[in-house]
Structures are given as structure tokens and as C-alpha cells.
Amino acid sequence: MERNAEKVEKLNDLSGEILDASIEVHRHLGGTGLLEDIYEESLARELMLRGFDVQRQVQIPVYYKDEMIRQPLVLDLLVNDVIIEIKSVEKFNQVFLSQLLTYLRLSNRPFGIVVNFGEKFVKDGFFRVVNNFPG
């Protein structure tokens, strides 16, 4: 069984790879002006080229009092079990972090990243969110 230090190191390595791939996409496509879908597809391709397991537009059922709600949750990207939420806005809103935390809780995942390609430097639009890191 992995220790917490090993889990943290793996997540740090993975988030570093995702940041590097995001910077590569941003370098090729530029900042604001493109739809989120374009950045999403480009980041998915870049991560696949780097050998990651990437899924786009993953539907997660949502339950309310043990009954499935008709509208599923749709994740932008799922990379090695990490949710990536893509944004392309000039002004970042803290609600994006809350949205991702809700996605993490509803899908029972511990870690996610918001990438805002609307920033001048994508590293300034890169946010990690942790949900009850498993012990």
C-alpha cells in the first residue's frame, strides 16, 4: 500500500506533467480567443502523446437520495484518474475552484486541476484542488 508521501509525490509529478503539457498547448495556440473545446482537445492530444490515459467529456452519474438524476456530470478531461477542468477566460473566477471541488466530491476522486488558457502565462491559470486526500 502506498504511503501518503508516495501519493503526494506521484500527484506532484503528474501535475507537473499536466502543467508542462498545458504550457505547450498555450505556446502553440495562444491565450484567450479560442473556445474551451479547442484547448481541451489539444491538451488531450498533447497528454496522449506523452503516454497518459486521457478521456474527454466523461459522464458521471449524479445521485440524489439514492436516485440517479437524469442529467449526468460531464468532466472535461480525466487523466490517470485526475479531473482537469478547462477554462478560457480573461478574468479567473474562484467559482471555478468550487465547481471542480464539487466534481471531485460527486465522482469520489481526490485530486483535480483547473487550467485557464486565458491567462498571459498559463502557469498563472493553473490551480490544483484536493478533495479529502486518501489516507
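Is Glu40 buried or exposed? Select Glu40 and see: at 2% relative accessibility, Glu40 counts as buried (buried means under 20% relative accessible area, exposed over 50%, partly exposed in between, with a 1.4 Å probe and protein chains only).

Before moving on, a word about what you're looking at. This is a predicted model, where local features need pLDDT of at least 70, side-chain atom pairs count only at pLDDT 80 or more, and totals for chains, interfaces and linings use all residues. Residues are numbered from 1 along each chain as its sequence is written, and side-chain values use heavy atoms, with hydrogens and water left out.

Arg56 is partly exposed, at 37% relative accessibility.

Next, zoom out and switch to cartoon. You'll find three helices and seven strands, in the order α-α-β-β-β-β-β-α-β-β along the sequence. Helices (H or I, at least four residues) and strands (E, at least two) are DSSP runs, numbered from the N terminus. Of the 135 residues, 41% count as buried. The C-alpha trace spans about 45 × 35 × 25 Å along its principal axes.

Now select Arg50. Which residues join it in a network of salt bridges? Show Glu17, Asp20 and Glu46 too: together with Arg50 they are linked in that network.

Take the contacts of Arg50 one by one:

- Glu17: its salt bridge with Arg50 has closest N and O atoms 3.9 Å apart. Arg50 lies in the loop between helix H2 (36-49) and strand E1 (54-60) and Glu17 in helix H1 (residues 4-29), so the pair ties together parts that are 33 residues apart in sequence.
- Asp20: here the closest N and O atoms of the salt bridge with Arg50 are 2.6 Å apart. Asp20 is in helix H1 and Arg50 in the loop between H2 and E1, so parts 30 residues apart in sequence are tied together.

Color these by accessibility if you like: Arg50 is partly exposed at 28%, Glu17 at 35% and Asp20 at 40%.

For a last stop, show every salt bridge: the structure holds nine.

How values were computed
A salt bridge is a side-chain nitrogen of Lys or Arg within 4 Å of a carboxyl oxygen of Asp or Glu.
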